[in-house]
Amino acid sequence: MNVFFCDLCNESIPQADLELGRAVRRNERLICAACEAAMSSGTARAAPAPAEAAPPHLVASHAPAAAPQSSSSVSAVALAFSSVALVAGVGASAYLFWRLEDEATRLEQ
């Protein structure tokens with residue numbers, strides 16, 4: 001069983017709140033219904049009424065899985081990998097150009 005806590009008030013968040021969408025994930029933070037309602041300044045209700053609950057086919061029926069990884073961390077890793085690949089490519093190109101220039105000079109002599 002996974003136990004989740006609100007990153008703002010450090011209160012535990014029941015698994016049912018996550019499954020029904022009462023607790024939300026904003027970037028890397030998990031926010032309970034009470035903190036979400038306080039942050040939204042009353043524009044959204046803290047939790048949907050029982051009649052508004054998610055349909056049963058949308059609720060996960062299997063054992064709780066690990067929290068999904070946020071897309072921001074995936075994109076950060078992809079950006080870091082792309083940056084390293086770009087720097088390595090530029091360095092390799094500069095080295096090969098330098099070697100080609102040396103060989104051309106050597107052949108001219």
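E103 is partly exposed, with a relative accessible area of 29%; this class lies between buried (under 20%) and exposed (over 50%), using a 1.4 Å probe and protein chains only. R106, at 52%, counts as exposed. E103 and R106 form a salt bridge, with the closest N and O atoms 2.6 Å apart. The two residues are three apart in helix 3, which puts about one helical turn between them.

The model is predicted: local features need pLDDT of at least 70, side-chain atom pairs count only at pLDDT 80 or more, and totals for chains, interfaces and linings use all residues. Residues are numbered from 1 along each chain as its sequence is written, and side-chain values use heavy atoms, leaving out hydrogens and water.

A salt bridge here is a side-chain nitrogen of Lys or Arg within 4 Å of a carboxyl oxygen of Asp or Glu. The count comes to three.

| Salt bridge | Closest N and O atoms |
|---|---|
| D17 and R22 | 3.0 Å |
| R26 and E36 | 2.4 Å |
| E103 and R106 | 2.6 Å |

D17 is buried at 17% relative accessibility, whereas R22 is partly exposed at 22%. Helices (H or I, at least four residues) and strands (E, at least two) are DSSP runs, numbered from the N terminus. E36 is buried at 14%, and R26 is partly exposed at 43%. Leaving aside neighbours within four places in sequence, E36 is in contact (heavy atoms within 4.5 Å) with V24, R26 and I31.
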